[in-house]
Amino acid sequence: MTIDRRLFLANTAAALALPAATRAAPVASDTPVFVTANTRWQTAYDKALAVLAGNVRVLPYVPDPVLIEGAQYQGIWQECGPHEALVYRHWRPDVARASHRTFFDLQRADGQLPANNKLTETGFGQIQMVVPIAATAWELARATGDGELLEAAYRACSAWDGWLMRHRNTRGTGLIEGFCTYDTGHDNSPRWAGVPNQCPNKDARRFPQGFALPRLCPDLSATVHGGRRALAEMARALGRTADAARWDEQAEAIRRLILDRLYVAEDAAFYDLDADDRFVRVRGDILTRVVGEHVVDQRTFDSLWQHQLGNSKAFWTPYPLPSIALDDPTFVRPIPGNSWGGAAQALTALRTGRWMDHYRRSAEFGTLMNQWCEAIQRDPSFRQQIDPVTGAFTQADSVGYSPSALVMVDFTWRLVGVQPAGEELHWNCRPQHPAAQGTRLELKTDRGRLATLSYDARGVTLHLDAVRVARIDGGSVRLVTDANGKLLRLTGFEALPQSLTLRLRDGRPQRLVVAANTDVPLQV
């Protein structure tokens with residue numbers, strides 16, 4: 001395959017990236033900086049980074065270090081590992097790359113990607129996918145200008161889609177089928193009550209008999225939808241116009257099938273459909289996985305939010321989002337370790353960045369992030385899950401879990417720092433936030449620019465290299481710029497309207513009021 005490098009680089013923010021062969025751990029000057037006078041926040045943040053550094057390991061069969069899951073999970077899983085490493089990429093770009101290449105390098109000749117690579121084995125006994133590896137690989141390749149990764153990802157993920165359609169479409173519906181509990185990574189969930197954890201003889205092409213299997217699964221199908229959308233973008237970057245059109249068409253086809261066959265509008269919920277064409281009516285975090293791949297439009301999402309995700313009796317608990325709705329009769333109490341039967345999982349929290357802003361719930365996203373960071377600061381042992389009502393971590397789980405550590409780090413930057421978002425920079429300005437007490441943050445962008453936020457008692461000053469982008473005093477708001485610092489808009493991300501003063505490069509003040517979940521275009 002030949003990459004159209006001119007086209008690829010023209011559509012990425014990474015023309016200055018190093019060749020893949022020279023990539024290594026970042027030097028200190030490239031490592032993100034977060035320094036705050038809030039010692040409680042700083043301690044939890046620093047400990048989170050130490051946990052992540054300790055979870056960078058070399059596993060069998062692949063020579064390069066990857067980010068393992070940590071705690072009792074001594075390996076990397078396709079469900080979550082590539083996404084976690086993507087979040088960690090600013091600290092260890094080499095680890096982010098290797099955490100994707102591991103799955104591509106261990107892919108079987110028939111196209112099957114491993115479910116995991118562990119110290120003990122490489123697993124092919126389930127498909128275990130949630131966040132599409134095609135999507136995270138595309139985002140990483142685009143951000144870093146890594147043409148070699150792009151080509152490898154396109155080959156591997158195209159073959160993986162083909163394998164899934166040959167072996168996980170046995171009913172001929174066009175939807176992806178679940179054969180066992182581990183397919184969706186829902187350990188100990190009432191969704192899969194009584195169903196074996198793994199496929200027979202650890203062969204993901206086979207399903208156990210006698211359990212009304214295979215099931216049509218909305219979340220597995222959503223993962224394929226998201227993967228196909230990413231494959232279409234990869235194909236465009238590679239100059240494969242016909243392939244891009246085909247992937248776009250196939251992504252839309254499976255999206256329509258999910259909505260037509262697996263969505264129950266009167267419940268505002270997605271369910272599995274078993275082999276007897278009966279819905280498995282357990283309301284769980286399937287919903288977050290479907291919206292995570294942007295399967296639903298805004299109108300449908302608003303219904304999901306009103307009745308389920310934003311409902312305090314269901315998923316919008318004091319510490320969002322439980323793995324089973326609080327008011328679902330199958331919610332498991334008391335909460336055991338490693339339970340997708342009700343506990344709010346750090347994995348689910350970490351994935352909220354893939355959908356809450358997209359569906360215009362930025363203010364609520366701030367609430368979720370604050371609650372999770374508070375829970376972690378109370379108990380910085382970095383375990384897997386919390387009680388969605390009390391915020392207490394399940395002590396039966398082991399310490400040092402990477403997703404929990406990533407939640408603390410990623411949410412810190414999303415709350416008071418700068419977040420790259422494609423060709424945009426999101427400057428999250430919360431001068432009154434606990435994490436903004438005398439705080440300074442520095443991040444090297446994908447264009448090689450140094451983005452800096454400096455907080456003081458009144459507000460925050462934003463710089464891109466030595467050039468002042470803006471000064472914000474008073475209320476909290478997200479300032480959105482392009483990659484070069486050109487002002488685009490403000491976004492309200494607090495529950496109450498925010499009064500603030502915005503000063504641009506010329507120092508001229510603009511007094512504004514920005515409401516929750518609204519955009520204010522900026523004309524400069």
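Student: Before we start, what does "contact" mean here?
Tutor: Two residues are in contact when they have heavy atoms within 4.5 Å. Keep in mind that this is a predicted model.

Student: What about its overall size? What radius of gyration does the chain have?
Tutor: The protein chain has 22 Å. A compact globule of 524 residues would come out near 24 Å, so the value agrees with that picture. Along the principal axes, the C-alpha atoms fill a box of roughly 70 × 55 × 40 Å.

Student: How much of the chain is buried?
Tutor: Buried residues account for 61% of the 524 residues. The accessible surface of the chain is about 19,200 Å², and 51% of that belongs to carbon and sulfur atoms.

Student: Switching to charges: how many positive and negative side chains are there?
Tutor: There are 59 positive and 57 negative ones, and the centres of the two sets lie 3 Å apart.

Student: Let's zoom in on strand E21. Why is it called largely enclosed?
Tutor: E21 covers residues 477-482, and five of its six residues are buried, so the rest of the structure largely encloses this strand.

Student: Which strands does E21 pair with?
Tutor: One partner is strand E16, residues 424-429, which runs antiparallel to E21 and is joined to it by six bridges. Within that pairing, Cys-429 has Val-477 of E21 as its bridge partner. Another partner is strand E22, residues 487-491, also antiparallel, with four bridges.

Student: What sits between E21 and E22?
Tutor: The two strands form a hairpin with four residues between them, and Gly-485 in this hairpin takes a positive phi near 90 degrees.

Student: Now the other end of E21. Where is Gly-475?
Tutor: Gly-475 lies in the loop between strand E20, residues 467-474, and E21.

Student: Is that glycine buried or exposed?
Tutor: Gly-475 is buried, because its relative accessibility is 9% and the cut-off for buried is under 20%.

Student: Which residues does it touch, leaving aside neighbours within four places in sequence?
Tutor: Gly-475 is in contact with Cys-429, Pro-431, Gln-498, Ser-499 and Leu-500. Cys-429 is the residue whose bridge partner in E21 is Val-477.

Student: And how far is Gly-475 from Ala-96?
Tutor: They are 379 residues apart in sequence, and their C-alpha atoms are 36 Å apart in space.

Technical notes: Residues numbered from 1 in each chain as written. Predicted model: local features only at pLDDT ≥ 70, side-chain atom pairs only at ≥ 80, totals over all residues. Heavy atoms only, no water. Rg over C-alpha atoms; globule rule 2.2 N^0.38 Å. Buried < 20%, exposed > 50% of the residue type's maximum accessible area, 1.4 Å probe, protein only. Areas by Shrake-Rupley, 256 points an atom, 1.4 Å probe, with all protein chains shown as cover. Lys, Arg positive; Asp, Glu negative; His and termini not counted. Charge placed at Lys NZ, Arg CZ, Asp CG, Glu CD. Pairing = 2+ DSSP bridges.
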